[in-house]
Structures are given as structure tokens and as C-alpha cells.
Amino acid sequence: MRLDRRDFKQLTGHLYGEPNPDWSVEYIGHKMGMHFEQRKNIKHAAFVYWDAERRSKIHASAFPAGFNLSAWLLKHHEIELVVTETPIAALKGQIAQFIVPDTWLFYLEVATYIRQRYQGRVIAVTGSVGKTTTRLMVDQLVRATGRTAVTNFGNDNVRQVLPQLLTSMLSVPDALVAELSIGTLHPAELDGHRNPPMSHYFQATTAIITQIGGAHQRSVRTGRDDLESSLRQDLATAKTKGRIFERMRPDGHAILNYDMHPQVYKYLWKTAQRSVNDIYTFSLHDAHADAYLVDRQDFRDYSELKLKILDETVMIQMTIPGNGPVMDLLAACLAVKVQGWALPDLTAAFKTFKPLRNELVFHDLKTNQGGLTLVEDTYNSTRHSVLNVLSVFRERGRFYQGPKVLVIETGDDLLAQQAERLNLSYQQPILDSGVDVVFGYRDPTITPLITALTGKVDQATYFPKMADLATAIEALPKDALVIIKGQHFKYGSDLRKLTPLLLKQAEMLEV
């Protein structure tokens with residue numbers, strides 16, 4: 001699908017300085033590197049230029065100091081049109097310009113225009129946890145069926161970048177697989193304009209909610225265990241996440257996690273029912289769901305899963321450990337199946353699949369003691385994510401001769417007392433997981449958990465400094481299983497630096 005000057009005459013704005021009236025665009029982008037330098041296959045493109053003032057208003061990153069727009073555009077011969085609010089005199093007669101009153105509103109308008117003409121499937125995913133892995137799994141499965149798919153760049157799932165994902169439908173894929181963060185589902189004031197939930201622009205044909213809540217189970221108001229307060233918080237989250245169903249195509253499908261709190265699940269079911277007739281569910285164990293785990297056999301390097309997906313029983317040897325990815329896989333399989341598409345060989349489809357860069361990444365770490373398995377999981381530290389890591393110890397731990405070691409720090413943006421209570425809530429799950437050693441790191445609010453575990457596990461130690469923590473890991477016995485659990489980039493965490501540090505030190509042993 002291409003847009004030419006006839007299409008743009010139907011949009012708000014006017015053309016200026018066309019060197020050639022026969023131009024057309026099959027791609028629209030606004031980021032220099034990610035949308036252009038990293039995409040060498042683009043031949044006919046439009047560049048949406050947000051000047052410094054517009055970028056500030058919509059909270060977009062500023063251009064590098066000294067950026068010369070005209071020089072950059074003239075280097076990129078694939079750009080046949082620039083969308084701007086002010087004519088660029090230096091480009092007149094060299095690149096066609098489309099002059100608009102507001103480049104942000106233009107992006108939304110052209111995205112809507114393209115969506116109206118796109119006849120493929122739009123599969124939208126949101127949730128408190130698991131949405132990125134589910135989205136990547138859906139994308140992987142669609143491609144494994146021999147079809148084409150477009151999905152978010154990296155983890156771009158915020159309001160400012162989602163219009164570009166919609167314009168990617170110009171490539172006419174069989175499916176657009178979109179991840180929507182909670183912020184995109186709020187109605188929002190942006191640059192003086194009221195923006196509806198982004199779901200109104202996507203108009204999904206299939207919408208998935210992976211999970212609701214789970215960051216912590218503590219009352220912010222009382223500071224006590226308060227299930228009623230936690231439920232109110234989850235219902236408030238469900239109200240926002242449930243907007244993913246708004247403006248869905250009526251013949252579409254909603255997919256819900258059957259294992260959510262019954263009241264949250266019931267609320268989302270009723271919300272989805274207002275938009276679509278077909279609602280499907282997935283569960284880790286419950287056979288009442290439309291997709292569920294039938295059986296599981298765990299081994300050191302993979303798990304053999306038997307899944308029931310609607311009327312089909314399928315098998316997969318899955319290398320990614322933990323209960324969370326199983327739930328994500330069930331949702332992804334269900335999303336593909338309800339399209340009327342046959343599921344591919346799942347083991348082959350996911351043989352080389354990797355979720356996020358810092359999520360359950362396995363490394364063989366050489367040490368003076370003979371080596372160990374190091375697993376980095378520093379993408380996030382929601383409660384569900386921590387419990388998923390503990391499920392990895394239960395599944396895989398018995399296949400390691402050395403100790404099972406959890407490295408953990410507080411990952412949520414909580415007040416000190418709240419963080420301490422959250423961390424203490426992990427005590428029994430840690431004991432049930434078979435973990436032998438717990439290393440707390442950096443944040444003092446992790447120390448009550450270390451104190452509580454002292455004498456109940458083989459070792460529980462707090463390390464305020466990374467260098468001392470790294471030394472302790474390198475001294476572990478041969479064939480230990482070590483999982484590093486932290487929050488990637490957020491809340492002052494630098495735990496993401498530990499794995500590169502250990503791997504670099506291991507390289508020095510080989511010299």
C-alpha cells in the first residue's frame with residue numbers, strides 16, 4: 001500500500017515545493033536511527049519532523065545538539081516527503097513537503113486513514129506482566145505459519161510512538177501485533193489536545209489481557225497486608241487495561257487470563273462483552289479454560305509441555321523456563337488459533353526464540369571453582385516476575401549439583417516500609433522453591449528478608465557493593481544455578497551491570 005499526493009490531499013495540510021508530483025510513500029517514520037538508519041530496505045518514505053517545541057509538548061526526546069535537518073534529509077534519498085509545520089525553504093524543489101498545523105495530530109490522522117484501509121488482523125496485547133513476551137510470541141507464531149507480521153520496535157509501547165506502528169500497516173502484513181502500555185489506554189491531555197485511548201486508533205480484531213496487578217499486595221494507605229485494598233487497586237488497573245476492547249471490530253475476539261482474581265476476571269469479561277461476542281480464556285492448569293497446560297516434564301535445559309488449545313493438543317520442548325512464559329505461550333497460541341490459522345510445529349517455531357534482552361538469559365560462567373550457570377533476569381521486578389523466577393528454581397534446580405542461588409534487590413518504586421513488607425512476603429515462596437543461598441543487594445530494604453532467611457537457608461547475605469557480590473558468586477561451588485533478579489534501569493538499580501562484569505572477569509581467566 002502506498003500513499004501519494006491524492007491521498008495527502010484528503011488529509012489536513014497542503015503540499016509545498018514538490019520537485020516531482022509522482023512521489024509516493026510506503027513508509028512513515030519520525031525517529032532518525034530506529035526508523036531510517038536501521039532500516040536499509042525502505043525505498044519510498046516520509047519523515048515526520050517534530051521541532052523542538054513540539055517535541056517538548058508531547059514529551060518526545062530532543063534532537064542531538066547541532067542537528068541539521070536539511071543536511072540529514074538530503075543524505076536519505078529514500079525520503080520523498082517531509083511532514084512539517086513550517087516550510088523548509090532550503091528543501092524547496094528537492095523534497096516534497098506537506099505543511100500541517102500540528103505534526104502530532106497529523107500522525108494520528110494519517111494512522112487512522114491507513115487503519116481504515118487495512119484489511120488484515122490487528123492483535124493487541126496489554127497486561128501488568130507478560131505483555132511483551134506474549135506479543136513477541138504471537139509475532140513469532142504468525143511468521144512460523146508462513147505469514148507476515150509487523151510489531152513494535154524493541155519495547156516501544158508508549159503513546160508517542162504507537163502512531164508509527166499503525167502507519168507500518170502500509171507494508172500490508174497479514175497481522176499487526178501491537179503491545180499497548182497502560183499509559184496509552186488512559187484518555188490523556190497531550191499538547192493541549194484530549195487524546196482518547198490508543199485502542200480507538202488500533203481497533204483490534206483480537207485483544208489479549210495477560211494479567212492484572214501483581215506489582216505488590218500491600219495497601220499504600222495502611223501499610224498493612226490488605227487484600228481488599230489490593231483488589232481495589234487491581235480493579236482500577238482492570239478499568240484502564242479493559243479499554244483495549246474499546247472500538248474493537250464486532251466480529252473480533254477477546255482473550256483473557258482465566259487465573260486472575262475472580263472479580264477482576266468477571267469485570268474484564270463484562271467489559272469485553274460490550275465490544276465482542278467471542279471471548280476466549282487461558283489458564284496454567286484449569287481445564288475449564290479454552291487453552292491450558294495438560295502436562296509438564298522438566299529437564300535441565302528444557303521443559304516438555306503438553307498444551308490443549310481449543311480442540312487441539314500440541315507438544316513443545318520449551319527452553320525458556322518458568323510458569324510465566326507458559327502462560328504467555330498459551331495466550332499466543334490461542335491468539336493464532338482463533339484467527340482460523342493452523343498452529344505450526346511449536347518446538348521448531350521457538351527453537352531460537354528469545355524474549356527480552358534481560359529476561360531469563362542463560363550464560364555459562366567460567367570460574368576458578370569449575371563454572372556455573374548464570375541467569376540474568378533484570379527486566380522488571382513485579383511480584384509476578386519474582387514468583388516466576390522462583391518457579392524456575394522449582395523446575396530446573398534439581399538438575400544442578402551445586403547450590404541454587406537467588407540474587408535479589410527491591411525492584412518496585414515503594415516507600416521503605418512498603419518495600420520491606422513486599423520483600424518479606426517472598427520468604428515462604430523462596431523456602432518452597434528449593435533455593436539454598438540468597439544474596440541481597442544494594443537496597444537496605446532487602447535486609448529484613450535476609451535476616452528472616454538466616455538459619456532457614458544455607459546462606460543469606462546482604463551485599464551493599466557489587467564488587468563484593470561478584471566475588472561471592474565467583475566463589476560458589478561448581479555447577480551452581482544463579483539467578484539475578486532485579487529491575488532494569490528503574491528505581492536506581494544497577495544490577496543489570498553485574499552479568500557483564502562477571503562475564504568480563506571470566507574472559508580474563510581464559511587469557
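**From a buried loop residue to the cores**

In this predicted model, D479 has a relative accessible area of 14% and therefore counts as buried, a word used here for residues under 20% relative accessible area, with exposed meaning over 50% and partly exposed in between (1.4 Å probe, protein chains only). D479 lies in the loop between α17 (466–474) and β24 (481–485), where helices (H or I, at least four residues) and strands (E, at least two) are DSSP runs numbered from the N terminus. The phi angle of D479 is near 65°, a positive value in a residue other than glycine.

Because the model is predicted, local features need pLDDT of at least 70 and side-chain atom pairs count only at pLDDT 80 or more, whereas totals for chains, interfaces and linings use all residues. Residues are numbered from 1 along each chain as its sequence is written, and side-chain values use heavy atoms, with hydrogens and water left out.

Taken as a whole, the protein has 18 helices and 24 strands. Its radius of gyration, taken over C-alpha atoms, is 25 Å, close to the 24 Å that the globule rule gives for 511 residues, so the protein is as compact as a globular protein of that length; the rule itself is 2.2 Å times the number of residues to the power 0.38. Along the principal axes, the C-alpha atoms fill a box of roughly 75 × 55 × 50 Å. Of the 511 residues, 58% are buried, and the accessible surface comes to about 21,800 Å², with 49% of it belonging to carbon and sulfur atoms; these areas come from the Shrake-Rupley method with a 1.4 Å probe, and for residues only the protein chains shown count as cover. Among contacts (heavy atoms within 4.5 Å) between residues at least 6 apart in sequence, 68% join residues at least 24 apart.

The interior can be followed through its nonpolar cores, each a set of buried Ala, Val, Leu, Ile, Met, Phe, Trp, Tyr and Cys residues joined through side-chain atoms within 4.5 Å. In soluble globular proteins, nonpolar side chains tend to be buried together. The largest core here has 65 residues, and those with the most contacts inside it are L307, I309, F350 and I430. Helix α11 (residues 323–337) gives the most to this core, contributing 10 residues. A second, separate core of 58 residues includes A111, M198, L231 and Y265.

Beyond its neighbours within four places, K337 is in contact with I309, L310, D311, E312 and L343. L310, in turn, sits in the loop between β17 (303–309) and β18 (312–318), is partly exposed with a relative accessible area of 29%, and has a phi near 55°, a positive value in a residue other than glycine.

Strand β15 (residues 278–283) holds S283, which is buried with a relative accessible area of 0%. The C-alpha atoms of S283 and D259 are separated by 5.7 Å, although the two residues are 24 apart along the chain. Not counting residues up to four places away in sequence, S283 touches Y258, D259, A289, A291, Y292, L293, M327 and L330.

The 12 residues of α10 (residues 262–273) should span 16 Å at 1.5 Å a residue, and its end C-alpha atoms are 16 Å apart, which agrees; the expected span is 1.5 Å times one less than the number of residues. V264, Y265, L268, T271 and A272 are the buried residues of α10, and they fall within an arc of 125° seen down the axis, so they line one face of the helix; the arc is that of the directions from the helix axis to the C-beta atoms. On the other side of α10, P262 and K266 are exposed. Helix α13 (residues 383–396) has 14 residues that should span 20 Å, in agreement with the 20 Å between its end C-alpha atoms. This helix is mostly covered, with 11 of its 14 residues buried, among them R383, N388, F393, E395 and R396.

Finally, T205 is placed in the loop between α8 (199–202) and β13 (206–209) and is buried, with a relative accessible area of 13%. Apart from residues up to four places away in sequence, T205 touches R115, G120, R121, V122, M248, R249, G252 and H253.
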